[in-house]
Amino acid sequence: MVTAQKTISTRAWIELLILGFIWGGSFLSIHIALEEIGPLTAVAHRTTWAMLILWGYVLLRRLTIPTDPRIWGAFLIMGLMNNVIPFSLMAWGQLHIETGLTSILNAATAIFGVIAAAIFFADERLTLRKIIGVTLGFLGVATAIGLSALTQFDIRSLGQLAVIGGTISYALAGVWARKTLGGLTPQVAAAGMLTGATLIMLPAAWLFEGPIRFDLTGPTWAAISYYAIAATALAYLLYYRVLVMAGSGNLMLCTLLVAPVAIILGAIVLGEALPPRAYAGFALLAIGLVVIDGRLLKPLQHRLGRT
């Protein structure tokens with residue numbers, strides 16, 4: 001018996017696009033925050049404020065809070081895999097490589113996510129169309145920055161490897177979330193995950209970078225507010241919604257949408273030039289998403305079937 005495959009509905013695509021736009025702005029905001037605070041402190045601010053916001057929402061809505069110790073253990077592991085490891089590795093990596101290169105390497109999450117989902121879930125098997133689509137999408141993101149950027153493993157190689165390590169952790173976290181947290185409401189799952197992350201990040205930041213600082217400048221607080229409230233609290237509500245609708249492999253496709261947003265914001269806010277290759281990259285990205293979705297290809301397939 002063939003297991004029905006997870007597909008991406010129109011609603012899921014819309015929420016994936018929103019998620020991509022929100023996370024696209026996080027690279028810029030983190031870059032701003034890192035000018036004043038260390039990477040672990042930046043992550044501690046991110047998880048702590050987002051956790052408080054989400055628990056406030058959970059209590060306001062009077063949602064059921066799980067009491068099973070196994071669920072809280074799953075929260076701790078999810079916080080480690082989806083927040084502590086990737087947030088810390090990518091924030092540290094941004095100290096040594098460009099924001100654009102961080103975003104392009106982050107797009108590899110889609111590749112690792114689809115592969116991990118295919119290994120663990122029968123309804124997310126690795127079809128030829130999905131392989132082609134994800135590959136085209138990643139090539140599109142790579143082209144937008146410059147394919148040569150991926151081969152520059154020189155003195156900055158450790159920073160690049162740190163970002164890649166973060167993407168692998170993200171991909172595995174998607175699998176873990178579907179296996180252990182799928183029965184929870186998105187708000188509770190996100191709040192619990194961030195609680196697990198905060199329990200790890202606060203002592204880690206204090207140990208390695210000293211007491212958490214609050215005497216920060218306006219731009220730093222603005223950056224923290226964006227990546228804690230929008231790019232974490234709000235984004236993870238969408239994250240768990242899309243996980244249920246589309247599956248863990250399809251969820252990782254949002255990372256393909258992040259880099260183009262980061263490129264555009266870099267051009268507008270930081271005055272970075274947007275080269276012609278960026279438009280070619282956007283075109284490849286769009287084609288990849290069309291191939292993954294498959295719906296726009298159906299009329300062509302029907303025509304070919306009749307000939």
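Predicted model: local features only at pLDDT ≥ 70, side-chain atom pairs only at ≥ 80, totals over all residues.

Colleague: What makes Trp23 and Tyr236 an edge-to-face pair?

Modeller: Ring centres within 6.5 Å make a pair, and planes over 60 degrees apart make it edge-to-face. For Trp23 and Tyr236 the centres are 5.7 Å apart and the planes are at 70°, so both conditions of the definition hold. The count of aromatic pairs by this rule is five.

Colleague: Which parts of the chain does the pair of Trp23 and Tyr236 tie together?

Modeller: Trp23 belongs to helix H1 (residues 10–33) and Tyr236 to helix H9 (residues 218–246), so parts 213 residues apart in sequence are tied together.

Colleague: Why is Trp23 called buried?

Modeller: Buried means under 20% relative accessible area. Trp23 has 13%, so it counts as buried. Tyr236, with 0%, is buried as well.

Colleague: Why is the pair of Trp55 and Trp72 called stacked?

Modeller: The planes must be under 30 degrees apart for that label. Here they are at 20°, with the ring centres 6.1 Å apart, so the pair of Trp55 and Trp72 is stacked. Trp55 lies in helix H2 (residues 39–61) and Trp72 in helix H3 (residues 69–93), so this pair links parts 17 residues apart in sequence.

Colleague: How do you know whether Trp55 and Trp72 are buried or partly exposed?

Modeller: Trp55 has 14% relative accessibility and therefore counts as buried. Trp72 has 31%, so it counts as partly exposed, the label for values between 20% and 50%.

Colleague: Which residues form an aromatic cluster?

Modeller: One cluster consists of Trp49, Phe214 and Trp221.

Colleague: Where does the charged end of Arg46 sit?

Modeller: It sits over the ring of Phe87, 3.7 Å from the ring centre. The distance limit for this label is 6 Å.

Colleague: Which residues make the nonpolar surface patch?

Modeller: Ile115, Ile119, Phe120, Leu126, Ile131, Ile168 and Leu172 make a patch of about 610 Å². Helix H5 (108–120) and helix H7 (157–180) each supply at least two of its residues, and H5 gives the most, with three.

Colleague: Why is Ile119 called exposed?

Modeller: Exposed means over 50% relative accessible area. Ile119, found in helix H5, has 63%, so the label exposed applies.

Colleague: What makes Thr127 partly exposed?

Modeller: Thr127 has 27% relative accessibility, so it counts as partly exposed. Thr127 lies in the loop between H5 and helix H6 (128–145).

Key: Residues numbered from 1 in each chain as written. Heavy atoms only, no water. Patch = residues over 30% accessible without salt bridge, like charges linked within 9 Å, V, L, I, M, F, W, Y side chains within 5 Å. Areas by Shrake-Rupley, 256 points an atom, 1.4 Å probe, with all protein chains shown as cover. Salt bridge = Lys/Arg side-chain N within 4 Å of Asp/Glu carboxyl O. Helix = DSSP H or I, 4+ residues; strand = E, 2+ residues; numbered from the N terminus. Buried < 20%, exposed > 50% of the residue type's maximum accessible area, 1.4 Å probe, protein only. Phe/Tyr/Trp six-rings, centres within 6.5 Å; stacked < 30°, edge-to-face > 60°. Lys NZ or Arg CZ within 6 Å of the ring centre and 35° of its normal.
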